[in-house]
Number of protein chains: 2
Amino acid sequence: MNEPWKDLLSIGAKNIKTSPIREMVKLIRQPGMISFAGGMPDPAIFPVDQFYECAEILREKGTDVLQYGATDGYAPLKEFLAGWTGTRMGRKVLTDEILITSGSIQVVDLLNLALIDREDYIIIEEPTFMGTTANMLNQGANFLSISCDENGMEVDKLPGIIEKARSEGKKIKYIYTIPNFQNPLGCTMTLERRKKLIEVAHRYDLVILEDDPYGYVRFDGEHEPTLFSLDERGIVLYAGSFSKILAPGTRVGWCTGPAALIKLMQGFKQGVDVSTSVVSQALVSEYCRKGYLESFLPKIIGHYRRKRDAMEEGFRKYLPLEKVKYVTPQGGFFYWIETPDISTKALFDRAIKKKVVFVPGDAFYPGGGPDRNFRVCYTFASSEDIDEGIRRLAEAMAELL
Amino acid sequence: MNEPWKDLLSIGAKNIKTSPIREMVKLIRQPGMISFAGGMPDPAIFPVDQFYECAEILREKGTDVLQYGATDGYAPLKEFLAGWTGTRMGRKVLTDEILITSGSIQVVDLLNLALIDREDYIIIEEPTFMGTTANMLNQGANFLSISCDENGMEVDKLPGIIEKARSEGKKIKYIYTIPNFQNPLGCTMTLERRKKLIEVAHRYDLVILEDDPYGYVRFDGEHEPTLFSLDERGIVLYAGSFSKILAPGTRVGWCTGPAALIKLMQGFKQGVDVSTSVVSQALVSEYCRKGYLESFLPKIIGHYRRKRDAMEEGFRKYLPLEKVKYVTPQGGFFYWIETPDISTKALFDRAIKKKVVFVPGDAFYPGGGPDRNFRVCYTFASSEDIDEGIRRLAEAMAELL
C-alpha cells in the first residue's frame with residue numbers, strides 16, 4: 001500500500017525517539033526470561049484485594065466518577081495529596097498548587113508545552129531516564145548534559161555550562177533532575193548540592209523539574225529535603241507518581257508547583273486529555289483515604305530492600321568484582337553497573353540467549369553514549385530469579401572477558 | 001511573589017487557548033442552574049451497577065491490570081473493538097490498525113505530534129468543537145476553515161481553498177471533520193459529500209481526521225458509511241470514544257487508521273502518558289465483553305431521542321419560531337440555534353440570571369465568530385428541566401427582541 005501521509009510528517013515524527021525498553025517487552029515476556037530490564041514493580045506486591053475493595057466507590061459515587069471530571073484532578077485526591085505530601089514538600093501545599101496528571105510523565109509533557117519551543121534547551125543529567133527525554137525530543141527540545149557522580153548531579157559544573165550555552169545564543173528553559181535514586185544511576189543528590197542547585201537556578205532564572213517517582217521508596221538513611229522545599233522563589237515543579245508506591249496501571253501522577261504555572265499546565269491538559277481517568281483517580285483516592293497507602297509503604301520498602309540486597313549478594317557471588325563498579329542505591333529500583341571494557345551490546349546479545357535481560361547503558365544517553373555500562377532493575381524479578389539471573393549474567397560476562 | 005518562569009514561556013503558552021466550557025463549570029454547578037452548556041451525558045443513564053460488576057476484573061487479573069500496560073492498549077479491548085467496530089469500518093480491522101487513547105481528544109494530540117509543525121495548516125469545519133482546535137492551536141497549527149450547511153461540510157469549496165492556500169505557500173496537513181451530528185451544528189454529512197471529500201483528499205494528498213464521538217448515537221434514519229470505510233488509500237484516521245456511549249470518566253477512546261501511522265502515534269504516546277489507564281481500560285473491556293455495551297446502546301439512543309424531542313417541543317412552545325432557525329439533529333447531543341440579530345453574549349448574561357446556561361456560538365470559531373448563534377445540549381438536563389430551561393431562555397430572548 002502506498003502511504004500518502006508519509007509525505008506530511010512533522011519534524012518531530014521524522015526524528016521520533018521511542019523507548020528501547022518498550023520495544024523490549026516481547027523479549028521480556030519470553031518464557032523463562034529473567035527480566036532486569038523495565039523499571040517495573042513486583043506484581044506480587046500489588047495490593048490487589050485492597051484496591052478491589054476501593055472499587056466500591058464506583059457504585060457509591062458512580063454518577064460522579066463516570067462523568068467528565070475537573071481537569072485539575074479529582075478533588076478528594078488533591079486534598080489528600082495536599083496534606084500527605086506536606087512532610088516532603090516542607091509545608092502543607094494548597095490544592096491550587098497541585099495538578100493530577102496521567103502518570104508523572106505527563107508532567108514533562110505539559111511543562112514542555114508551557115516552556116519549550118523547538119530548538120530550546122533543557123539541561124539534563126546524563127545518563128537519565130529515556131522516557132522523559134523522548135518526550136522532550138519529540139517536542140523539539142535540545143539538551144545540555146551534566147554528569148553525575150555518587151552524590152548526584154555535579155552541580156558545580158552548571159554555571160560554566162549555562163554561561164557557555166548562553167554565549168552561543170542558546171535558550172535554556174529548565175533543568176531536569178531525578179534527585180533521589182536516579183534512573184539509571186541509583187545515586188542521590190546530597191543536601192549541599194541541592195542547595196547549590198537551587199541557588200544556581202535562581203541566579204540564572206531557570207525552572208527546575210524535580211522528578212521524584214522513587215522518593216518515597218528509601219531503604220536506608222534519612223530523606224533529603226526536596227528541591228521544592230528548599231526553594232523560596234517558586235521555580236521548582238515537583239513531579240510525583242503512584243506508579244512505584246501503588247501501581248503503574250492506574251496511570252495517576254501529580255505535580256506540585258507555583259499556582260500560576262499549575263493553572264497554565266492545566267490549560268494545556270484540557271486539550272491533551274481533558275482530565276486523567278476519573279475512574280482511576282477515584283480508586284487511588286479511596287486507597288489513600290482508607291490509609292492503605294501509608295500502611296503498605298513500609299511493606300513495599302522492606303520488600304524492595306530485600307531484593308536490592310539479594311541482587312548485591314548475587315553480584316558478590318558471581319560477578320568479577322575487580323572488573324565492575326557499582327554504587328549501592330539507598331532506595332529506588334536500579335543498579336548501574338560500569339565495566340572497564342565490555343561491550344554491553346555484545347553482552348546483551350549473549351545474555352538474551354541465556355534468558356536474562358537488562359538495559360544497555362547507551363539507551364540513557366539521548367544522543368547515544370558509551371557502550372560499557374548497563375542498568376539492572378531488582379524490583380520485578382523474584383528473589384530466586386535475581387540470584388539465577390545474576391549468575392547467568394556473570395556467565396555471559398565471563399565469555400567476553 | 002515574583003514568578004521568574006514567566007519569562008521562559010513557549011510561544012504556545014503565550015497564546016494558550018483554553019476551553020470556555022471548562023471555565024463555565026462553576027456556573028453550571030450553581031444551585032438551580034439548568035445546563036445546556038457542556039456536552040455531558042445524563043448521569044441518570046450511566047450503567048453504574050453493570051460497570052461496578054466489571055470491577056471484579058481488578059481482583060481476578062489484578063497483577064496484570066495494576067502493572068504497566070502496552071502502549072497500544074489493553075489487548076482484550078483492542079480485540080473487542082477490532083470486531084465490534086467492523087460494521088462501521090466496512091470490514092473487520094486488524095488490532096495493529098487500532099490505538100487505544102486517553103479519550104478521543106488524545107487522537108488529535110498524537111496526530112498533531114505526527115504531522116504538525118508550527119505554522120502548518122489544518123482545514124477545519126467552522127464552527128467546530130473547541131476542545132480539539134485548542135489542542136491544534138496549542139501545538140502551533142493554523143486553520144483554514146470551511147463552512148457547513150445542513151448536509152455537513154461544503155465539500156465543493158475544498159479545492160478552491162486548498163489551491164489558494166498552496167499558491168500562498170501554506171502547508172496543509174489534514175482535514176478535520178465531525179461527519180455525524182457535528183459539534184456544534186448537529187448536521188450530518190451526506191454520502192455524496194463523503195465520497196467527494198475522500199476524492200478531494202486523495203487528489204490533494206491530505207490526511208482526514210474523522211472524529212466520530214457521536215456516531216453510534218443515531219436516533220433516526222440509517223447510518224451513513226464512515227469516511228474510513230470509503231477510503232481505499234489509507235488516508236483516513238477514525239477517532240472513536242466511549243465518552244458518549246458509556247462514560248467520559250473512563251477517559252478511554254481509540255483510533256483506527258493505517259498500521260504504520262498507528263505505530264508512529266504509539267511512539268509519541270510512549271512519551272505522552274506511556275499508556276491509557278490500564279484500570280480504566282480493563283473495566284471498559286469487561287463491560288464490552290459482557291455484552292453491556294451492545295445491550296445499553298438502544299437504551300441510550302432512546303433516552304437521548306426523547307430528550308431531543310423534549311427540547312424541540314420546548315422550542316415550539318416557547319421560542320419565537322419566526323426569529324430563530326435550527327435543524328433537527330438525527331443524533332448526537334446538540335442543537336445549533338441561529339438568530340437574526342440577537343447578541344448571544346447579551347443573551348448569555350441574561351440567561352445566567354434566569355439560571356439557564358448554554359454556549360455562545362463564537363466559542364466554536366477558533367479566531368472568533370459571529371455573535372448571533374448558540375449551542376444547546378439536550379442530553380444532560382432532565383426532561384422537565386429541558387422544558388423549564390427553554391422557557392427561561394425564551395424569556396431572556398424576549399427581553400432582547
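1. Two residues are in contact here if their C-beta atoms, placed from the backbone, lie within 7 Å. The points below apply this criterion to a predicted model.

2. Chain A is divided into domain 1, made of residues 4–47 + 295–398, and domain 2, made of residues 50–292. Between the C-alpha centres of these two domains of chain A the distance is 23 Å.

3. Where the two domains of chain A touch, domain 1 contributes 34 residues and domain 2 contributes 36 residues. On the side of domain 1, α1, α16 (292–318) and β11 (334–338) of chain A each provide at least two residues. The most come from α16(A), with eight residues.

4. A second contact joins chain A to chain B, with 80 residues taken from chain A and 80 residues from chain B. Several helices of chain A each supply at least two residues to it, among them α1 (11–14), α9 (105–115), α10 (130–138) and α15 (278–289). The largest share on the side of chain A, eight residues, belongs to α14(A). That side of chain A consists of 40 nonpolar, 27 polar and 13 charged residues.

5. How are the two chains arranged? Chain A is superposed on chain B by a rotation of 180 degrees, with 0.0 Å of shift along the axis and an RMSD of 0.0 Å. The two copies are therefore related as by a two-fold rotation axis.

6. Of the interface residues of chain A, 99% are also interface residues in chain B, so the copies meet through the same surface.

Note on methods:
Residues are numbered from 1 along each chain as its sequence is written. Chains are lettered from A and ligands numbered from 1 in the order in which they are written. This is a predicted model: local features need pLDDT of at least 70, side-chain atom pairs count only at pLDDT 80 or more; totals for chains, interfaces and linings use all residues. Copies are superposed by least squares on the C-alpha atoms of residues with pLDDT of at least 70 in both. Helices (H or I, at least four residues) and strands (E, at least two) are DSSP runs, numbered from the N terminus. Ala, Val, Leu, Ile, Met, Phe, Trp, Tyr, Cys and Pro count as nonpolar, Asp, Glu, Lys and Arg as charged, and the others, Gly among them, as polar. Domain bounds come from an automatic or database domain assignment.
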